[in-house]
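Please open the model in your viewer and keep the sequence panel beside it, ready to select residues by number.

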Amino acid sequence: EKRWKERHQEIIEREVWERQRCEREIVRQQSAIAETEKREREREEQQKAQQELEKQMGRLEKRWKERHQEIIEREVWERQRCEREIVRQQSAIAETEKREREREEQQKAQQELEKQMGRLEKRWKER
């Protein structure tokens, strides 16, 4: 009977030890599951943050392209406006130079006419 009690005690101790080992394994697995779930949540949050960042970058790139296009269009318009102004000024200068030449020609013709009138007067007086 002593032996039976010892044997029974060994069995009980082994079952207690086995139960404790199982409980420790359950706790370890639960911790591993919790850690895995935590990493999964972090990965999902990181993916969401990455997607949001990519959206923001897309919006920024779109706005930058639009802004860049506006700047190009404004520069083209400004260059064309300057070119039109240059053409207008060149036309005004050419017109002014033309009028100046015409005025000079008119003055020369007037002077020539006055000379001729002077010679005619002189001849008329001589007669």
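The tour below moves through a few pairs of charged side chains.

Before you select anything, note that this is a predicted model, in which local features need pLDDT of at least 70 and side-chain atom pairs count only at pLDDT 80 or more, while totals for chains, interfaces and linings use all residues. Residues are numbered from 1 along each chain as its sequence is written, and side-chain values use heavy atoms, with hydrogens and water left out.

A search of the whole structure finds 15 salt bridges, a salt bridge being a side-chain nitrogen of Lys or Arg within 4 Å of a carboxyl oxygen of Asp or Glu.

Select Glu35 and Arg39, which form one of these salt bridges, with their closest N and O atoms 3.6 Å apart. Both belong to helix α1 (residues 2-126), where they lie 4 residues apart, about one turn of the helix; helices here are DSSP runs of H or I with at least four residues, numbered from the N terminus. Glu35 is partly exposed at 36% relative accessibility, a term for values between buried (under 20% relative accessible area) and exposed (over 50%), using a 1.4 Å probe and protein chains only. Arg39 is also partly exposed, at 46%.

Next, select Glu61 and Lys65, whose side chains meet in a salt bridge at 3.5 Å, N to O. These two also lie in helix α1, 4 residues apart, and Glu61 is partly exposed at 44%, as is Lys65 at 48%.

Finally, select Glu85 and Arg88, which form a salt bridge with the closest N and O atoms 2.6 Å apart. Because Glu85 and Arg88 are 3 residues apart in helix α1, about one helical turn separates them. Glu85 is partly exposed, with a relative accessible area of 29%, and Arg88 is partly exposed at 47%.
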